[in-house]
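Subject: Structure handover

Hello,

Here is the structure you asked for, with my notes below. Please read them alongside the coordinates.

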Amino acid sequence: GCLVGAEALLRWRDREGNPVVPARFIPLAERSGHIVQIGEWVLNEACRQAKLWSDRYQLAPVMAVNLSAIQFKRGKVLDLVESALATSGLPAALLELELTESILLQDVDATVKTLGDLKAMGVKLSIDDFGTGYSSLSYLKQLAVHKLKIDRSFVQNMTDETDGDSIVRAIIDLGHILHLTVIAEGVETEAQANYLKKSGCNTMQGYRFYRPMPHEKFLALLQAGEAISLN
């Protein structure tokens, strides 16, 4: 029931002020290669905002930032993260990098080393959209990650499809066996939240709690010492 973290989301408006959905502009940015520069800006801005929270609140929330596969491959991730933390002054433990399973399919040895170096730096690491990619269990054991994020598609189908709840429980159990924190994303209803809580899911995010909001509104939640009731 406590507010423990936030995920940095990118939003864009066109010249008329109309929103352009990420599903439209992120693939374009990835194809053009601009995702590397965009990702660098996002990481630096997210760390700067998170540092403001940590300066004001003893129990500051973790800031989660997504890394694209292209950014991970071309963006000199270690240097980028080290620079963002140094420039902002944010403690490494308050930054969480979300990695898609496609990142994990790149050069295995290099990926394992990079993730190990990031973990040694003190940064938290999570596998985003777990269960939708191709990572094997043997590979998963090698990775220096802290968290698994259950993809929203599994959460949405949890109470609607046969065996949907079994898949979610299996991911939660797998995460705990590997001593990982499990996060469910896309939680929209009280029934979903209650089921996940009873199943031992550690953390949840989604519209059941809050919709995407600008920094100022999130800051107001922290000032109010917001706690969410799941009863």
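L196 is buried, since its relative accessible area is 0% (buried means under 20% relative accessible area, exposed over 50%, partly exposed in between, with a 1.4 Å probe and protein chains only). This is a predicted model, in which local features need pLDDT of at least 70, side-chain atom pairs count only at pLDDT 80 or more, and totals for chains, interfaces and linings use all residues. Residues are numbered from 1 along each chain as its sequence is written, and side-chain values use heavy atoms, with hydrogens and water left out.

L196 sits in helix α9, residues 190-198 (helices, H or I of at least four residues, and strands, E of at least two, are DSSP runs numbered from the N terminus). Not counting residues up to four places away in sequence, L196 touches V155, M158, V168, I172, A184, V187, C201 and M204 (contact means heavy atoms within 4.5 Å). M121 is 75 residues from L196 in sequence and 31 Å from L196 in space, C-alpha to C-alpha.

Next, two further buried positions. E96 belongs to strand β5, residues 95-100, and counts as buried because its relative accessibility is 3%. The side chains of E96 and S126 are joined by a polar contact of 3.3 Å (a pair of N or O atoms within 3.5 Å; within protein, one must be able to donate a hydrogen and the other to accept it, and residues adjacent in sequence count only if both atoms are side-chain atoms). Beyond its neighbours within four places in sequence, E96 contacts V62, M63, A64, V65, K124, S126, K147 and I183.

Q71 is in helix α3, residues 69-74, and is also buried, at 2% relative accessibility. With neighbours within four places in sequence left aside, Q71 meets V36, G39, E40, N66, K76, V77 and L80.

Last, a helix pair. Helix α2 (residues 35-56) packs with helix α10 (residues 215-223) at an angle of about 20°, and their axes are 12 Å apart (axes are lines fitted to C-alpha atoms, for helices over the stretch in contact, and angles run from 0 to 180 degrees between N-to-C directions). The two helices, α2 and α10, are therefore roughly parallel (angles under 35 degrees; over 145 is roughly antiparallel, 65 to 115 roughly perpendicular and the rest oblique). On the α2 side the contact is made by Q49, L52, W53 and R56, and on the α10 side by H215, F218, L219, L222 and Q223.

Regards
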